Amino acid sequence: MKINRYIILFFITALIVGATGCVNNINTKTETKTLELDDTKRVSVNVKMGAGAIDIQGVSTKLMEGEFIYNVKEWKPTIEYSKTGNEGRLNLEQSSKKIF
């Protein structure tokens, strides 16, 4: 039935437009962050992220090379690195603060 197809297509389109229109994508920010290797023997990494996509790879000659893309100021990630003796700790965190 053609009518049912159009109704289903309408609802799918409305869902897509509604889902993508909830957050303003005009002000997308892209930031890069690099941390150089030091004499640390071991680094613990903690990643805390509420939602979105993440791609972690082990192909860098640096301690960390990252590109962070976000469109809500409150979602800007926090990157902290500390070192105690021969051990380091890298924390990557994105606020899970609700904006709605």
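Let's start with the largest pocket, which holds about 1100 Å³ of space. A pocket here is an open set of points on a 1 Å grid over the protein atoms alone, with protein on both sides within 12 Å along at least five of seven lines. The volume is the space filled by probe spheres set on the points, and grid points are joined across faces, edges and corners.

A word on the source: this is a predicted model, where local features need pLDDT of at least 70 and side-chain atom pairs count only at pLDDT 80 or more, while totals for chains, interfaces and linings use all residues. Residues are numbered from 1 along each chain as its sequence is written, and side-chain values use heavy atoms, with hydrogens and water left out.

Back to the pocket. Its lining, meaning residues with an atom within 4 Å of a point, numbers 33 residues, and A53, I54, D55, E67 and F68 lie nearest the centre. Which strand gives the largest share of that lining? That is β3, with seven residues. Strands β2 (42–48), β3 (64–70) and β5 (87–93) each supply at least two lining residues; strands are DSSP runs of E, at least two residues long, numbered from the N terminus. By type, the lining divides into 17 nonpolar, 10 polar and six charged residues, with Asp, Glu, Lys and Arg counted as charged and Gly among the polar ones.

Now, salt bridges. The rule asks for a side-chain nitrogen of Lys or Arg within 4 Å of a carboxyl oxygen of Asp or Glu, and the count comes to four. Let me show you three examples.

In one of them, the side chains of E36 and K62 meet at 3.2 Å, N to O. E36 sits in the loop between β1 (29–35) and β2, and K62 in the loop between β2 and β3, so this pair ties together parts 26 residues apart in sequence. K62 is partly exposed, at 27% relative accessible area; that class lies between buried, under 20%, and exposed, over 50%, using a 1.4 Å probe and protein chains only.

Next come K83 and D39, whose side chains meet at 2.3 Å, N to O. This pair links distant parts of the chain, 44 residues apart: K83 is in strand β4 (residues 78–84) and D39 in the loop between β1 and β2. K83 is partly exposed too, at 36%.

Finally, E93 and K48 form a salt bridge, their closest N and O atoms 4.0 Å apart. E93 lies in β5 and K48 in β2, so the pair ties together parts 45 residues apart. Both are partly exposed: E93 at 38% and K48 at 48%.

Note on methods: On a 1 Å grid over the protein atoms alone, a cavity is a set of points where a 1.4 Å probe fits but cannot get out, and a pocket is an open set with protein on both sides within 12 Å along at least five of seven lines; lining residues have an atom within 4 Å of a point. Helices (H or I, at least four residues) and strands (E, at least two) are DSSP runs, numbered from the N terminus.
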